[in-house]
Protein chains: 2
Amino acid sequence: MFRGQLFVSPVDESHWVNMNLLIQSLHASGHEVTVVRTATSWYIKENTPHYDSITVTLPEAINIEKQDFFVTFLVKMLEIQKQGTSPITFLNFYWEMLPTLSKIHAQSCLLGVEIFENKTLMQSIRDTHFDVVLVDPGLPVGVLVAHELRLPTVFNVKWITSGEAHFVVAPSPTSYVPTSGYAASDKMTFWQRVKNLLHYTLNTCIDKFIVCPHYDRLVDRYFGPDVNFYHLLQGADIWLMRVDFVFEFPRPTMPNVVYIGGFQCKQSKPLSSELEEFVQSSGEHGVILMSLGTLVKALPVEITSEIASAFAQIPQKVIWRHAGERPNNLGNNTLLVNWMPQNDLLGHPKIRAFVSHGGTNGIYESIYHGVPVIGIPLMFDQFENVLRLEVRGAAKVVEATKLTQQNFLEAVQEVLHNPSYRNNMKRLSALHRDKPLHPLDTAVYWIEFVMRHKGASHLRTESYKMRWYAYYSVDVVCLLLAVLLLLTATVVGSIRFVCLRLCGRRKPKQE
Amino acid sequence: MFRGQLFVSPVDESHWVNMNLLIQSLHASGHEVTVVRTATSWYIKENTPHYDSITVTLPEAINIEKQDFFVTFLVKMLEIQKQGTSPITFLNFYWEMLPTLSKIHAQSCLLGVEIFENKTLMQSIRDTHFDVVLVDPGLPVGVLVAHELRLPTVFNVKWITSGEAHFVVAPSPTSYVPTSGYAASDKMTFWQRVKNLLHYTLNTCIDKFIVCPHYDRLVDRYFGPDVNFYHLLQGADIWLMRVDFVFEFPRPTMPNVVYIGGFQCKQSKPLSSELEEFVQSSGEHGVILMSLGTLVKALPVEITSEIASAFAQIPQKVIWRHAGERPNNLGNNTLLVNWMPQNDLLGHPKIRAFVSHGGTNGIYESIYHGVPVIGIPLMFDQFENVLRLEVRGAAKVVEATKLTQQNFLEAVQEVLHNPSYRNNMKRLSALHRDKPLHPLDTAVYWIEFVMRHKGASHLRTESYKMRWYAYYSVDVVCLLLAVLLLLTATVVGSIRFVCLRLCGRRKPKQE
């Protein structure tokens with residue numbers, strides 16, 4: 001069996017949950033994994049049984065209080081949704097968030113500097129003779145390490161720098177491919193297509209003027225002016241895309257994009273006896289789950305009390321993962337918990353619906369287990385995520401800022417009693433599970449493929465190295481138009497000349 | 001186990017070899033297959049152990065003498081190559097071939113008419129309750145049957161109507177995706193890009209004005225004006241593409257395109273004792289295989305005698321599949337055969353090189369077994385096929401019309417003695433064989449997937465239904481440009497107005 005050495009450059013927070021799962025699977029397949037982390041990392045622990053770690057200490061000054069950031073972010077998002085999203089509020093919001101975005105990437109680059117400047121560390125990395133660099137290109141410093149070490153790269157990716165990863169690597173006509181940050185389906189009206197193109201332009205500008213300059217400086221410093229940061233990104237051997245087409249809209253892709261959406265999904269395990277007892281006590285009515293993810297500790301109490309009041313009116317039992325202030329009007333049927341075995345619960349036959357913020361992991365787990373969703377999206381890609389289920393008739397969406405006891409109750413009742421939601425989700429589940437290989441095994445397979453063959457360049461186009469006018473055939477079309485024009489002019493000129501000559505001859509005769 | 005009913009609409013000749021292999025595999029997996037064939041079909045036999053057949057008798061008048069066609073075609077091709085391909089000869093050649101192309105598709109449509117008009121046959125097809133229609137869309141009549149029966153469609157495809165199938169279903173920038181009929185790599189010079197776009201335009205015109213009208217008339221007759229033939233093609237659920245990226249250049253693709261290139265490849269079996277004895281008699285020098293496929297019965301004798309004379313000068317043994325006149329100057333080391341177990345020979349460790357016309361099946365078999373190729377392309381896609389191996393350093397190409405004893409011998413010697421050819425082919429072989437599932441099993445898996453789920457619409461974009469200006473965002477860009485123009489005009493106008501007012505005020509003071 002081939003045992004490889006992997007250098008992993010992850011992103012902290014929820015991204016790490018995905019990366020860690022992949023690392024555990026790689027470790028179980030006999031490979032050795034080294035993870036680079038910052039000393040202040042919240043989620044990425046130092047050496048564990050399944051990976052070694054390289055800890056880099058960053059200068060204190062630039063550290064970002066992430067928990068604060070997400071709280072501020074949510075408050076702002078709710079505020080904006082309440083006001084109604086006029087283009088001005090929207091752009092203003094983006095404008096205010098830009099310094100933080102810039103800071104996050106500056107910090108990521110600082111990690112790069114610390115690695116590259118630490119000669120002992122670089123030498124020890126070189127001496128390890130890694131086979132591949134596994135990168136979450138949300139913060140793509142690992143790409144520079146791969147370039148320095150002349151190693152093949154595999155991405156574990158959904159988003160890249162400031163947009164959806166496909167846009168960097170596959171043709172993405174904005175006429176039917178919705179841009180990240182804009183919740184639309186693949187069937188857009190004219191005005192939706194206008195907005196989609198504007199969103200795309202905005203994302204491109206942010207990437208070009210806010211994000212990339214950080215990495216361009218780094219690339220310039222260590223590799224000189226001939227190396228292009230964006231080309232390093234586009235040159236990754238394999239893109240393990242955390243996407244599945246029961247969820248994502250069909251769109252163009254490339255041969256080196258491998259789809260591993262739902263790779264975190266697995267069979268549910270039996271519940272603890274207390275939880276099982278609570279679930280069974282629901283009888284024929286069944287149970288509703290509710291969770292708004294790990295980032296949002298609590299919604300404003302005016303929202304949670306509306307939800308609590310709605311829950312109190314239904315015969316179902318409710319398990320609610322809730323970390324904030326306990327609502328006063330909580331019904332007897334509702335169990336508040338700090339943590340719950342979400343996957344095991346979703347796989348339980350008594351579960352009737354899932355109230356979710358629309359985080360990717362939760363969405364894929366509910367697809368896997370065929371549980372319909374009531375979506376309360378709060379920020380980031382959550383709006384796009386729940387929209388994708390809504391379009392397929394597998395979810396009902398309630399806007400957090402317009403949520404009332406009445407409309408939330410109606411949404412829950414509809415998902416519970418209209419069988420189409422459950423049937424549609426069951427159909428998505430059947431399609432999703434029907435694969436020659438589980439997505440996690442697919443991911444490990446292609447990482448091993450890259451290690452075995454020292455890359456996968458035969459699957460990767462190098463068309464990104466072309467000039468834009470050559471890529472879009474602008475030069476060729478201009479030439480052909482010029483030739484056509486010249487031909488037309490010659491023909492028209494000749495005809496005119498002949499006509500004039502004929503007329504010139506005739507006229508004197510007529511007179 | 002799920003047992004499905006498949007309706008198969010194949011293409012005769014070499015295409016049938018591929019389809020038949022797939023049918024055998026489906027039969028072995030427990031499915032029942034019905035193949036529609038014409039009474040005059042040369043390759044597709046009536047009922048066999050692994051399929052039932054529906055035989056349709058066409059009016060005699062339109063039958064095309066295919067063997068004659070290929071002989072005429074080859075003679076013409078060689079003539080053109082000798083003259084050097086000026087655009088005029090090239091276009092003239094296309095022009096002369098168009099009536100035959102039109103006739104082939106007219107015949108295919110006649111098959112459609114015979115099926116649709118035979119009410120008893122249609123009823124019996126309806127009564128069979130097929131699960132899926134499997135079509136080779138080179139002659140896409142099966143697509144109409146699928147539409148009539150409201151059944152999902154799977155394509156077994158490389159070419160469609162008159163071009164490479166990807167062009168119909170996936171974005172294909174002509175700046176790096178070579179068009180069918182034009183032998184270029186994915187890295188083109190400016191003039192190659194010009195030629196590629198012209199080839200693409202030519203193919204599109206032939207499709208639009210020569211091929212499609214036949215099917216449009218058929219669709220109009222049976223489904224009315226609201227159904228678009230091209231949309232029926234683009235709406236296929238799964239495209240089993242007979243392509244592998246060790247061979248094809250990387251290019252954009254779609255989620256419902258499944259790559260099964262090399263699905264015909266399999267382990268070699270032991271040779272017959274006579275053949276094994278001949279092969280072993282080659283000693284350390286090994287054996288060279290030569291075959292120019294099934295369509296070309298014989299090359300002109302002036303070419304074969306050059307080849308024979310070159311073979312006579314090498315210490316290797318040669319096995320030559322040859323059906324025409326026996327060259328006088330054949331060496332003692334050369335064995336002429338009418339037929340050979342090509343796959344078993346290619347997998348034999350004594351085989352050093354394969355002299356091939358560049359037919360797809362032979363090329364994939366040589367990739368599978370890692371045998372380097374000396375290519376003598378004659379017609380159709382053979383030029384493109386051998387170019388793909390040449391670019392990867394796994395083949396040497398000799399033009400048939402410029403072939404001399406001397407240059408052919410040099411090509412053979414180079415492939416035999418420069419280890420890079422063999423090494424490159426071995427590398428391609430290793431990459432090709434490294435797959436989670438054999439391509440044939442992949443093909444069966446996705447056909448069964450479509451039968452299990454009654455389609456695969458979640459993998460298929462419907463963007464082809466958009467108007468061209470919407471698809472390419474022409475309308476959106478025009479609007480945005482207009483707004484930009486208006487804004488600029490307003491700003492410039494205002495500034496001018498203010499300036500004039502200011503100047504107007506100042507001037508009187510100065511005077």
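Buried area is the accessible area that two parts lose on being put together, summed over both. Keep that in mind, since both interfaces today use it. One caution: this is a predicted model.

Let's start inside chain A. I'll take domain 1 against domain 2.

How much area is buried between domain 1 and domain 2 of chain A? About 2,400 Å², with carbon and sulfur atoms giving 64% of it. Which three residues supply more than any other three on the domain 1 side? Gln81(A), Val246(A) and Phe247(A), with 30% of the area that domain 1 buries against domain 2. In residue terms, 24 from domain 1 are in contact with 27 from domain 2.

Look at Glu248(A) and Arg388(A): their side chains meet in a salt bridge, N to O, at 3.0 Å.

Where does the domain 1 surface come from? Helices α1 (14-28) and α2 (66-83) of chain A each supply at least two residues of the side that touches domain 2. The largest share is from α2(A), with eight residues. By type, that side of domain 1 has 13 nonpolar residues, five polar and six charged.

Next, chain A against chain B. Each chain puts 46 residues into the contact. The buried area here is about 4,000 Å², and carbon and sulfur atoms give 69%.

How many salt bridges lie between chain A and chain B? Six. Take Lys187(A) with Glu462(B): the closest N and O atoms are 4.0 Å apart. That pair still counts because the cut-off for a salt bridge is within 4 Å. Polar contacts number 15 residue pairs across the two chains, again with both residues at pLDDT 80 or more.

On the chain A side, five helices each supply at least two residues that touch chain B: α7 (190-223), α15 (419-433), α16 (439-453), α17 (468-471) and α18 (474-510). Which one gives the largest share? That is α7(A), with six residues. The chain A side divides into 29 nonpolar residues, eight polar and nine charged.

To recap the areas: about 2,400 Å² between domains 1 and 2 of chain A, and about 4,000 Å² between chains A and B.

Notes
Residues numbered from 1 in each chain as written. Chains lettered and ligands numbered in written order. Predicted model: local features only at pLDDT ≥ 70, side-chain atom pairs only at ≥ 80, totals over all residues. Heavy atoms only, no water. Contact = heavy atoms within 4.5 Å. Buried area = accessible area lost by both parts, 1.4 Å probe. Helix = DSSP H or I, 4+ residues; strand = E, 2+ residues; numbered from the N terminus. Nonpolar A, V, L, I, M, F, W, Y, C, P; charged D, E, K, R; others polar. Polar contact = N/O pair within 3.5 Å; in protein donor to acceptor, adjacent residues only side chain to side chain.
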